[in-house]
Amino acid sequence: MADAHKLEILRGLVKFKSNTQKIWGVLILLTIITTVEVVFGIYKPEALMGNLLGMKILNWIFIILTLVKAYYITWDFMHMRDETAALRRMVVWTAVFLICYLIYILLQEGGYVFDVYKDGFIKRDF
Amino acid sequence: MDTTVVNTGTEGKTWGGGNQPLKSSYGKMMMWFFIVSDALTFSGFLAAYGFSRFKFIDSWPIADEVFTHIPFYHEPAPMIYVAFMTFVLIMSSVTMVLAVDAGHHMQKSKVTFYMLLTIIGGLIFVGSQAWEWKTFIQGDYGAIQTKGGNILQFVDTDGHRVALRDFVVAEDKDRIEHESKSGLWFVGEGSLPTYTVDEVIKGLESHSDVLVRTQIINEHGEKTILSRTESLSQIKNNSKIVVEGANLIVNEYGTSLFADFFFFITGFHGFHVFSGVIINIIIFFNVILGTYERRGSYEMVEKVGLYWHFVDLVWVFVFTFFYLV
């Protein structure tokens with residue numbers, strides 16, 4: 001069967017001959033990313049412990065790598081790459097917008113409550 | 001005169017009916033929309049976790065000190081076991097997508113084989129999850145909870161964790177566990193901790209090399225260790241109960257919210273994996289019985305595949321926010 005799958009990943013940097021090959025290729029990519037995360041998680045390099053936008057640089061790296069993994073799971077394992085643009089946008093844009101909104105509100109509020117505790121309005125050191 | 005309008009003026013256009021603008025079947029589309037709503041549910045949980053963590057940002061437990069266990073290996077080794085679990089789930093995602101691919105080519109025996117591997121992967125993952133829960137609930141070192149609900153743990157002078165059993169001696173106790181047969185039948189009580197607060201105080205007094213560690217994270221990203229005098233006064237003045245392990249109420253690793261979220265989020269995810277395994281088993285037998293062969297399409301495998309990949313996708317985020325960040 002002439003595959004209706006798009007067989008390129010990394011913007012055409014890696015091209016596969018068949019869908020099966022692409023699946024193994026994506027597995028290798030995901031494994032590499034997970035290994036990098038685990039190694040960083042165990043050794044926690046001192047250079048990456050600095051603060052950037054309210055969080056450790058290392059944590060930003062973890063979150064970005066996670067989003068990369070999520071992208072490849074959705075695009076290649078769930079075949080989002082082969083769906084029409086309309087379906088893809090319905091699913092991805094809706095979810096991304098609502099999740100960003102939710103995260104922003106809750107984390108902002110969490111930080112506020114932390115400040116209320118810290119500035120001594122509430123005592124919990126006993 | 002014909003009064004019924006049969007002509008809408010949209011015939012032959014994209015939304016005029018009779019075609020599929022998204023080039024996707026009803027079932028697949030609905031699976032996608034279910035996944036969106038489920039993704040929002042999990043985001044709600046993880047964002048709530050983030051809220052509580054930002055609220056206690058200077059005293060949250062450090063995951064590397066909590067999840068350090070590997071079966072049959074007794075040295076603390078953070079990350080390794082959960083990395084294994086992640087790999088198992090990704091691998092079972094791969095076999096699932098291979099089953100979908102074989103389904104596109106109408107290869108029944110290959111679909112059967114890959115579905116079987118997927119189910120096995122799912123079972124290994126759920127089993128690992130159960131083991132992770134068991135070690136988490138059992139606890140390791142034990143701790144003291146203060147009147148204010150803070151957790152005090154014990155370390156030696158090098159900063160290594162010390163378990164209660166290493167310096168506390170259990171004495172004869174007057175107090176025994178309340179059972180409903182021997183008193184008020186409508187009052188229950190969980191099992192009592194091995195040691196009482198008084199025994200811990202005695203143990204701490206007689207071991208001059210044991211110090212108390214609080215929940216507060218210092219500027220080096222480590223928990224604060226108190227001096228010997230501070231340790232003694234904290235334990236003597238503020239101790240309320242001895243905590244061993246974790247449940248929904250107390251938690252030897254730190255704030256009880258950490259355990260609550262751990263049970264809730266990994267539990268909800270584990271439930272998804274479990275139901276995914278059940279659905280996969282049903283589809284597996286349908287494949288063997290030749291249902292999809294007769295139907296002429298293995299699209300059902302693709303639909304459960306979407307669900308299964310989604311479970312993997314959620315785990316990727318749970319892994320990051322519970323174990324890495």
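Mentor: Let's start with a term: two strands pair if DSSP finds at least two bridges between them. Strands (E, at least two residues) and helices (H or I, at least four) are DSSP runs, numbered from the N terminus. Residues count from 1 along each chain as its sequence is written, while chains are lettered from A and ligands numbered from 1 in the order in which they are written. This is a predicted model, where local features need pLDDT of at least 70 and side-chain atom pairs count only at pLDDT 80 or more, while totals for chains, interfaces and linings use all residues.

My pick is strand 1 of chain B. Strand 1 (residues 143-146) pairs with strand 5 (residues 239-243) in the antiparallel sense, over four bridges. B:A143, for instance, has B:V243 in strand 5 as its bridge partner. Strand 1 also runs antiparallel to strand 2 (residues 151-155) of chain B, joined by two bridges, and here B:I144 is partnered by B:L152. Four residues sit between strands 1 and 2 of chain B in that hairpin, where B:G149 has a positive phi near 90 degrees.

Now zoom out. Chain B is assigned a domain 1 (47-138 + 258-324) and a domain 2 (143-172 + 188-244), with bounds coming from an automatic or database domain assignment. Their C-alpha centres are 37 Å apart. As for confidence, chain B averages a pLDDT (the predictor's confidence in each residue, from 0 to 100) of 89, and 98% of its residues score at least 70. For the complex, the predictor gives an ipTM of 0.89 and a pTM of 0.88.

Of its 25 residues, 18 are buried, so helix 3 of chain B is largely enclosed by the rest of the structure. Buried means 20 or more other C-beta atoms within 10 Å of a residue's own, exposed means 12 or fewer, and partly exposed is in between, with C-beta atoms placed from the backbone. After helix 3 of chain B comes B:M106, with a positive phi near 55 degrees.

Then there's the partner chain. The contact involves 47 residues of chain B and 43 of chain A, contact meaning C-beta atoms, placed from the backbone, within 7 Å. On the chain B side, helix 1 (26-55), helix 3 and helix 10 (299-324) each supply at least two residues, and helix 1 of chain B gives the most, with 15.

With 13 C-beta neighbours inside 10 Å, A:A86 counts as partly exposed. Setting aside its neighbours within four places in sequence, A:A86 touches B:P21 and B:L22. From A:A86 to A:I103 it's 17 residues in sequence and 25 Å in space, C-alpha to C-alpha.

Chain A as a whole has three helices and four strands, in the order β-β-α-β-β-α-α. Its C-alpha trace spans about 70 × 35 × 25 Å along its principal axes, and 19% of its 126 residues count as buried.

Key:
Two residues are in contact if their C-beta atoms, placed from the backbone, lie within 7 Å.
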